[in-house]
Amino acid sequence: MIYGQVQDFLNSNLFIINFKNYDEISGTKSARLAKSAAKIAKKHKLKIVVCPPQHLLAEVARSSSDVYAQHLDNSKVGSTTGYVIPEIVKKSRVAGALINHSEHRIPSNEIEDLVKRLRELQMISVVCVQDVSEAWVYAQLNPDYIAIEPPELIGSGKAVSKEKPEIITESVKAVKKANNSTQLLCGAGIVSGTDVSKALELGAKGILVASGIVKAKNWERAIEEFALAFVRK
Ligand SMILES: O=C[C@H](O)COP(=O)(O)O
């Protein structure tokens, strides 16, 4: 992305679908889900990013421009084996990454290094945090996004925006206090358009969702329902 495009991107709402390692997206099904996301993104002029499993990143990124890694390793370019690193995935058209997801936590010095590395590569960084105090700590690194996710609600079908609205409003404040360009996303248990609307009402710039889409019987219908919540906000 060139500079102007990066700015436009950061000004719009963001809807991230993390495929995790659900069986529903194994093999060629990841590309199918990414295609549905791209279709609805285009229809509503909405930013929808997909995070397929690591081994499918390049394949999905061949046909979709909005692909982030679920995780990256802070290993060097060169003689490192079995790690997935920013410089190399960028060459497969991967545009950003989740960092420190609740299911793949890393030490704070690595979070800091990865945010810097992604910035230098003009890739988008999404640092996942579990509570408001972590939102404040990591917002000061100025990642593009902080994604707040109370771990106990992940995969529960009980939306953070309804179960713990205060964690979103408090995190919005924490991120603002950092006084930089970082914006807040939220996730955990989001399964409906009203969950999304509520998150946006509370001040989130977007959402990070997995099971609510991946496990839906009809992917396109579910993505459309979430997308409409963004469009109607
Ligand atoms: O990365 C996604 C989050 O962990 C949320 O997962 P969930 O939508 O299944 O609760």
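Biologist: Before we start, what should I know about the numbering and the pLDDT limits?

Modeller: Residues are numbered from 1 along each chain as its sequence is written. This is a predicted model, where local features need pLDDT of at least 70, side-chain atom pairs count only at pLDDT 80 or more, and totals for chains, interfaces and linings use all residues.

Biologist: Let's begin with the sheet: which strands are its edge strands?

Modeller: Helices (H or I, at least four residues) and strands (E, at least two) are DSSP runs, numbered from the N terminus. Two strands pair if DSSP finds at least two bridges between them. Here 8 strands form an open sheet with parallel pairing, in the order β2-β1-β8-β7-β6-β5-β4-β3. Those that pair on one side only are the edge strands, β2 and β3 (68–69).

Biologist: And in β4, which residue is the bridge partner of Tyr68?

Modeller: β3 and β4 run parallel and are joined by 2 bridges. In β4, Tyr68 has as its bridge partner Gly96.

Biologist: Which residues does UniProt list for "active site"?

Modeller: The listing comes from an unreviewed UniProt entry. UniProt positions are given in the numbering used here, feature names are shortened, and annotations may be inferred rather than shown by experiment.

Biologist: What is the largest C-alpha distance between them?

Modeller: They are spread over 49 residues of sequence. Even so, they cluster in space, and the largest C-alpha distance is 8.9 Å.

Biologist: Is Glu149 buried or exposed?

Modeller: Glu149 sits in the loop between β6 (145–148) and α7 (160–163). A residue is buried if 20 or more other C-beta atoms, placed from the backbone, lie within 10 Å of its own, exposed if 12 or fewer, and partly exposed in between. Glu149 has 24 other C-beta atoms within 10 Å, so it is buried.

Biologist: Which residues does His101 touch, not counting residues up to four places away in sequence?

Modeller: His101 lies in the loop between β4 (96–99) and α5, and with 23 C-beta neighbours inside 10 Å it counts as buried. Contact means that two C-beta atoms, placed from the backbone, lie within 7 Å. By that rule, and leaving out residues up to four places away in sequence, His101 touches Gln70, His71 and Cys128.

Biologist: What about the ligand: how many residues of the shell around it are charged?

Modeller: A residue is near a molecule if its C-beta atom, placed from the backbone, lies within 6 Å of it. There are 14 residues around the ligand, and Asn18, Gly155, Gly187, Ala210 and Ser211 come nearest. Ala, Val, Leu, Ile, Met, Phe, Trp, Tyr, Cys and Pro count as nonpolar, Asp, Glu, Lys and Arg as charged, and the others, Gly among them, as polar. The shell divides into 6 nonpolar and 7 polar residues, and the number of charged ones is 1.

Biologist: What is the phi of Lys45, roughly?

Modeller: Most residues other than glycine have a negative phi. Lys45 is in the loop between α2 (29–44) and β2 (47–51), and counts as exposed, with 10 C-beta neighbours inside 10 Å. Although Lys45 is not a glycine, its phi is positive, at about 50°.

Biologist: Last one: what arc do the buried residues of α9 cover?

Modeller: The buried residues of α9 (residues 193–201) are Asp195, Val196, Lys198 and Ala199. The arc is taken from the directions from the helix axis to the C-beta atoms. They lie on the same side of α9 because the arc they cover is only 160°.
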